[in-house]
Amino acid sequence: MNKEFNERGTKLDLVYEDKYHLHLGYYENNCDYESIAYKRQSEDVWDIFFDFEQYGLKNSTKENELTLEGIGTRIFSIHDKELNYDIGVQKFKKWLFRNKII
């Protein structure tokens, strides 16, 4: 269980679905970057995690952003009941570009 605070400062317990995760990759231009999306159990939100250390990159997220040991740091969330792979990959690619990784 992971602790997070909402906009009112109320502590939330994030629990992820054991059965639902999706690997989102960018494999163009001789690059090989992958993130992992986990579905929150209590709501229709997918949190996308990226392992900066695995790629030798500086973590560009907020200092207190949720990090899961062995998984990575949450880089963004997608609000949807079902995560479409192509949409997830598009958003991941935009994140990579915005953060000057690609």
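Mentor: pLDDT is the predictor's confidence in each residue, from 0 to 100, and a contact means heavy atoms within 4.5 Å. This is a predicted model, in which local features need pLDDT of at least 70 and side-chain atom pairs count only at pLDDT 80 or more, while totals for chains, interfaces and linings use all residues. Residues are numbered from 1 along each chain as its sequence is written, and side-chain values use heavy atoms, leaving out hydrogens and water.

Trainee: Over which residues does pLDDT stay under 50?

Mentor: That stretch is residues 5-11, for which the model has 7 contacts beyond four places in sequence. The protein as a whole averages a pLDDT of 89, with 87% of the residues scoring at least 70.

Trainee: In what order do the strands form the sheet?

Mentor: Strands of a sheet pair through backbone hydrogen bonds, either parallel or antiparallel. Strands (E, at least two residues) and helices (H or I, at least four) are DSSP runs numbered from the N terminus, and two strands pair if DSSP finds at least two bridges between them. Here 5 strands form an open, antiparallel sheet in the order β3-β4-β5-β7-β6. Its edge strands, each pairing on one side only, are β3 (16-26) and β6 (67-68). Helix α1 (residues 85-98) packs on this sheet and touches β3, β4, β5 and β7 (72-79).

Trainee: How many bridges join β3 and β4?

Mentor: These two strands pair antiparallel over 7 bridges, and L24 has S35 in β4 as its bridge partner. They form a hairpin with 6 residues between them, where N29 in the turn has a positive phi of about 50 degrees. Strand β4 (residues 33-40) is also joined to β5 (residues 45-50), by 5 bridges; there A37 stands opposite I48.

Trainee: Which residues have the most contacts inside the largest nonpolar core?

Mentor: In soluble globular proteins, nonpolar side chains tend to be buried together. A nonpolar core is a set of buried Ala, Val, Leu, Ile, Met, Phe, Trp, Tyr and Cys residues joined through side-chain atoms within 4.5 Å; buried means under 20% relative accessible area (1.4 Å probe, protein chains only). The largest core has 17 residues, and I48, I75, F92 and W95 have the most contacts inside it. Its largest share, 4 residues, comes from α1. A second, separate core of 7 residues includes L14, Y16, Y38 and L68.

Trainee: Which residues form the aromatic cluster?

Mentor: The cluster is formed by Y33, F50, F52, Y55, F92 and W95. Beyond its neighbours within four places in sequence, F92 contacts residues including Y33, F50 and I75.

Terms used
Rings of Phe, Tyr and Trp (its six-membered ring) pair if their centres lie within 6.5 Å; planes under 30 degrees apart count as stacked, over 60 as edge-to-face and the rest as tilted. Axes are lines fitted to C-alpha atoms, for helices over the stretch in contact, and angles run from 0 to 180 degrees between N-to-C directions. Buried means under 20% relative accessible area, exposed over 50%, partly exposed in between (1.4 Å probe, protein chains only).
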